[in-house]
Amino acid sequence: MCVNDLVVQGAEPLLFLDYFATGRLEVEVARAIVAGIAEGCRLAGCALVGGETAEMPGLYRDADYDLGGFAVGAVERGEALTGERVAAGDVVLGLAASGIHSNGYSLVRRIVEQAGLHYSDKAPFAPKRDLGSALLEPTRIYVKSCLAAVRSGRVKALAHITGGGLVENPPRVVPAALAVEIDARSWTLPPVFAWLMREGVVARAEMARVFNCGIGMVAVVGPADAEPATQLLTDHGERVFRIGRIHERRPGAPAAVVLGMDEAWR
């Protein structure tokens, strides 16, 4: 479990362990990878307590490697975020993503291949960067800001926008009798997603299902808490948008809808 998935339950990450498997261990590569993991742990405020390294030349080609890991967190009994307090009329806040984060890369790779680009080429959506580094912008870690918001008592639910995008993740943290309405006109679609949509001829509905589209974390708060929660999260370094609301779910209606995509995502 990643640290962002812990905080959506109201849990504080305590420790992280990694797993690094490769065909042939290259010390400088491994050092850079572990340094990146350690930086992520620092941002999350948890300890990197150990890990496993394996050389498996029969499974991986020389320079190939595979990474895994998991985090352990803790929350006081009875204080976990369950979403049970979410009610119709509540406000949906969106926290800006740093990039693609960690989902949808099978589609990303296919789009890059169809475009005839190499990862060393200049990124069409960020000409000052090469395509590979721009696409691999590290996932934003929301732990410290979201924990502060949770501890303030103003947050009823949090949803980390991972696989399933804006359509499948928010409904997981609200009661089944409610639905989530998101307005795509509430924020600007980042250039990387605009390029992927255009170059890959990806339908807007599919963009909302596959990618975070610029919103990496969603917070559900009561109407009276919307402004204070926004200010608190902003004070902790987040860019926050008021992106939607919670309403009663009609029979047969979807659990989440994203409105205004045709206007906002051109």
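Which side chains meet in a salt bridge with a distance of 2.8 Å, N to O? They are those of Arg 154 and Asp 225, where a salt bridge is a side-chain nitrogen of Lys or Arg within 4 Å of a carboxyl oxygen of Asp or Glu. Arg 154 lies in the loop between H5 and strand S7 (155–160), and Asp 225 lies in the loop between strand S9 (215–221) and helix H9 (226–235), so the pair ties together parts that are 71 residues apart in sequence. The names of these elements follow DSSP runs, numbered from the N terminus, with helices (H or I) of at least four residues and strands (E) of at least two. Arg 154 is partly exposed, with a relative accessible area of 28%, and Asp 225 is partly exposed as well, at 21%; buried means under 20% relative accessible area, exposed over 50%, and partly exposed in between, with a 1.4 Å probe and protein chains only.

The model is a predicted one, in which local features need pLDDT of at least 70 and side-chain atom pairs count only at pLDDT 80 or more, whereas totals for chains, interfaces and linings use all residues. Residues are numbered from 1 along each chain as its sequence is written, and side-chain values use heavy atoms, with hydrogens and water left out.

The structure holds 14 salt bridges. One of them joins the side chains of Arg 151 and Glu 12, at 3.0 Å from N to O. Because Arg 151 lies in helix H5 (residues 143–151) and Glu 12 in strand S1 (residues 12–22), this pair ties together parts that are 139 residues apart in sequence. Arg 151 is exposed, with a relative accessible area of 59%, while Glu 12 is partly exposed, with a value of 33%.

Arg 31 counts as partly exposed, at 48% relative accessibility, whereas Glu 28 is exposed, with a relative accessible area of 56%. Elsewhere, Asp 183, Arg 185 and Glu 263 are linked in a network of salt bridges.

The aromatic side chains come next. A pair of aromatic rings is described by the distance of the centres and the angle of the planes. The structure holds four aromatic pairs, counted for rings of Phe, Tyr and Trp (its six-membered ring) whose centres lie within 6.5 Å, with planes under 30 degrees apart taken as stacked, over 60 as edge-to-face and the rest as tilted. Among them is the edge-to-face pair of Trp 187 and Trp 265, with 6.3 Å from centre to centre and 65° between the planes. This pair links distant parts of the chain, since Trp 187 is in the loop between strand S8 (178–183) and helix H7 (191–199), and Trp 265 is in the segment after helix H10 (261–264), 78 residues apart. Both Trp 187 and Trp 265 are buried.

Another of the pairs brings together Phe 193 and Phe 211, whose ring centres are 5.8 Å apart and whose planes stand at 55°, so the pair is tilted. Phe 193 lies in helix H7 and Phe 211 in the loop between helix H8 (204–210) and S9, so that parts 18 residues apart in sequence are tied together.

Finally, His 101 has a phi near 65°, a positive value in a residue other than glycine. His 101 is placed in the loop between strand S4 (91–96) and helix H3 (105–114), and counts as buried, at 5% relative accessibility. Val 201, in the loop between H7 and H8, has a positive phi near 50° but is exposed, with a relative accessible area of 72%.
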